[in-house]
Amino acid sequence: MTLKNIIIAASLALTVAAAAFAEEPKNAPAAAAPAASAPAVPGAPVVAAPGATAAVPAAAAPLTKKRELKANKAITLSMFAVIIGITLGVVVWAARQTKTTADFYAAGGGITGTQNGWAIAGDYMSAASFLGISGMISLYGYDGFMYSVGWLVAYITVLLIVAEPCRNAGKYTLGDILSFRTDPKPVRAVAAISTVAVSTFYLTAQMVGAGKLMALLVGVPYKTAIIGVGILMVGYVVFGGMTATTWVQIIKAGLLMSGAFLLSVLVLAKAGFNPIFFFDQIVNSPDIQDHVSKLVLKDGIVLNGIDAGQRFLEPGLFMKAPLDQISLGMALVLGTAGMPHILMRFFTVPTAQAARKSVIIAMFIIGGFYVLTTLLGFGAAINLTPQGIISVDPGGNMATLMLAQQLGADISPILGDLFLAFLCSVAFATILAVVSGLVLAASAAIAHDIYVNVIKDGHADQHEQVMAARITSLVVGAVGILIGLMAEKANVAHLVALAFAVASSGNLPVVVLSLFWRKFNTAGVISGLVVGTVASIGLVMVSPNMTYPKLVAKGAEKVIAAMEKKQAALAPGAVLGEKDVKALEKAKKDVLDKDGTSIMGLSEPILKLKNPGIISIPLGFMAAILGALLFPNKRAEEMFDEVYVRQNTGLGMAKAIDH
Amino acid sequence: MAEKKYDWAAIAKNPKFVELHHKKQAFLFGWWIFSSLYYFLLPIGAAYAPGLFKIKMIGVINFGYVFALSQFFVSWALALYYAHVANKDFDRLTKELINELHL
């Protein structure tokens, strides 16, 4: 009965939380908002909806630059089948080894440091890293590269502050670390809610991205793609638990790195393996120069020829709000270490030394990947031209895939198809690996923290615990599929940023204070988690991430005016292109909602920042510290010695591994 | 809760543990602050010192590019340095402590 109740409660909570965000902007890719052409903020490759292309007047690329990207369906689908086959094999093997709770949540602590390093990289690098960042570089040059840096530097925090202490002091979840010297029930409950919130935001973005990507690449309908990906992810987690999830992530990281490496070699070969020449090519490309000229013209700056080419290597083409970048940087640097699916990876290794080794290996893989991404992004700009990339996807998300097809085809046409199909399947594996990790983290929080420890007071035998874990994963996965189906038209780009904001403002402060501050206690954990989470979500709700119909209507007026001008300039009797007509129709519809407000009832954003970190992180820390100071607890202070000795030495850890 | 097998308060006062704790704390937080400062120089510099970022260093490759690339190498170097110190000092001290406690 209780299990049933908790499942119902959990799925309701999840659905409501996601629906609040997913339901909101039905007409998301705002017609005139330049943001619609921007690459996805971290997270899923948000493939701009059709129509957005025409909506950005500057994107009116010369027709000669028009390109197409169509994967060979037979080759691509058979490569998908190979990946599905291999991973299912892994699941069957893993399922046989998954008997106890420790097996299910932590692969029995039997993952080596090296394996875990690859798995962390596989867990972390989403399709957005793979496709979004290189796309951003191909269209905006330097800013894309600068953007990628924070994703690696984040691991310094993981390495120095959280990895080893968490391995020594924790067991399966965030709740385990936080409840050590606090009142376990309320702390676990709040920690579980925060974990589920972060995972759901991230999962929604991934699922929607997955559906759109698959639809675009291989022409599978959106809903079919979501259900397919969803069933696989549920299958991996329910049957194979952490062991299967880990190996899916390792396989994905391997595929991703080999794809990126191979493509980089081809790019470098084009430049005769001479980096100086490679950069000269960027600066001297007439297409890049033309593209940059148009970009800076929007800011009223005239720049031509080689100066425009050089500008591509300088900051400021995309990131025009420095405070927002710093805010995002803070969320990355602190949020990664508070991500439940990343924290969970440290419980799979046997010792703190292995945890240390795994972070360092992950850092080399992730950093190496981003360095290669620069080559891919600039390589795409040189070989495909920014105009050609925009013509396929205004956000540039397809740049890497187009590059693979082109460079492969330069050698032999069939090779182009093969290489493209290979990279499509890498994207597919990437999605599977990331969503599985998230489902596992969310279900561990619900099953282990709420069901076993809050409802059952920790009195559940192995069989019951594993059963609860499996049922919860099934439900979480099903809810994930449902949200994915519901959110097809929603604007999900901000959800990944939101997940990082919650992780950095809610989770990280309380983890750090639990591990390092003697006076920290129950009140501190709860106030820190609640304030950090609520502040992040609340600030995003009043930020420019939401849709403001009034602003959309204003933009639409401009589009209509521009289109009318265009129409007037045409020869008599000529009509606007199909895309223009569509944009005009959309603008005419948007313009009607002149007095509309966002879901918060605002006509324009209160906060100018898209990333709330710079405000919400200090708030989270302050709330945690104040809460602890206002409600001191003697027992928590006395137990600090134990926590501190444990997290530094690993004493008493054998118990935590549960053998 | 944990069974009272160890006298945690006594271990926490053990000179070996105190030494470990001091060394570790200084290293971890010191280098964490360093790496964060170094990282935030990138977005801050890009926004407020664009002139510096434009200076060409090798051919058309400018300071901004070299600086962004250096972030990767600084992070890797710090990771390796930490691994070196932890393997050599922290792990040794921990081992000595555990031996001393006869655990």
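Trainee: How many helices and strands does chain A have?

Mentor: In this predicted model, chain A has 28 helices and zero strands. Of its 659 residues, 64% count as buried.

Trainee: Which contacts in chain A join residues at least 24 apart, and what is their share?

Mentor: Among contacts between residues at least 6 apart in sequence, 84% join residues at least 24 apart.

Trainee: Why is A:G627 called buried?

Mentor: A residue is buried if 20 or more other C-beta atoms lie within 10 Å of its own. A:G627 has 23 such atoms within 10 Å, and therefore A:G627 is buried. Its place is in helix α25 (residues 613–630) of chain A.

Trainee: What does A:G627 touch, not counting residues up to four places away in sequence?

Mentor: A:G627 touches A:A523, A:G524, A:I526, A:S527 and A:G528. A:G627 and A:G528 are 99 residues apart in sequence, and their C-alpha atoms are 7.4 Å apart in space.

Trainee: How do you know that the span of helix α9 of chain A agrees with its 35 residues?

Mentor: Helix α9 covers residues 184–218 of chain A, and at 1.5 Å a residue it should span 51 Å.

Trainee: What makes α9(A) mostly covered, and which residue follows the helix?

Mentor: In α9(A), 31 of the 35 residues are buried, and the helix is mostly covered. A:G219 follows α9(A), with a positive phi near 70°.

Trainee: What are the elements of chain B, and in which order do they run?

Mentor: Chain B has four helices and two strands. From the N terminus on, the order is α-α-α-β-β-α.

Trainee: How does the radius of gyration of chain B stand against that of a compact globule?

Mentor: For a compact globule of 103 residues the radius of gyration would be near 13 Å, but chain B has 21 Å. The C-alpha atoms of chain B fill a box of roughly 65 × 25 × 25 Å along the principal axes. Buried residues make up 25% of the 103 residues in chain B. Of the contacts in chain B with a separation of 6 or more, 62% are between residues 24 or more positions apart.

Trainee: How do you know that the reach of helix α2 of chain B is close to the expected one?

Mentor: Helix α2 (residues 15–48) has 34 residues, for which 50 Å is expected at 1.5 Å a residue. From first C-alpha to last, α2(B) reaches 48 Å, close to that value. A kink of about 25° lies at B:L42 in α2(B), shortly before the proline B:P43.

Trainee: Which residues of α2(B) are buried, and what do they pack against?

Mentor: The buried residues are B:F17, B:L20, B:S35, B:Y39, B:L42, B:P43 and B:A46. In chain A, they pack against α7, α14 and α27. In chain B, they pack against α1 (8–13), α3 (50–54) and α4 (63–101).

Trainee: How many residues of chain A and chain B are in contact?

Mentor: The contact joins 41 residues of chain A with 47 residues of chain B. On the side of chain A that touches chain B, α7 (142–169), α11 (275–284), α14 (322–335), α16 (352–384) and α27 (640–649) each supply at least two residues. α7(A) gives the most, with twelve residues. The residues of this side divide into 25 nonpolar, eleven polar and five charged.

Conventions
Residues are numbered from 1 along each chain as its sequence is written. Chains are lettered from A and ligands numbered from 1 in the order in which they are written. This is a predicted model: local features need pLDDT of at least 70, side-chain atom pairs count only at pLDDT 80 or more; totals for chains, interfaces and linings use all residues. Two residues are in contact if their C-beta atoms, placed from the backbone, lie within 7 Å. Ala, Val, Leu, Ile, Met, Phe, Trp, Tyr, Cys and Pro count as nonpolar, Asp, Glu, Lys and Arg as charged, and the others, Gly among them, as polar. The expected span of a helix is 1.5 Å times one less than its number of residues. The bend at a residue is the angle between axes fitted to the seven residues ending there and the seven starting there. A residue is buried if 20 or more other C-beta atoms lie within 10 Å of its own, exposed if 12 or fewer, and partly exposed in between; C-beta atoms are placed from the backbone. The radius of gyration is taken over C-alpha atoms; the globule rule is 2.2 Å times the number of residues to the power 0.38.
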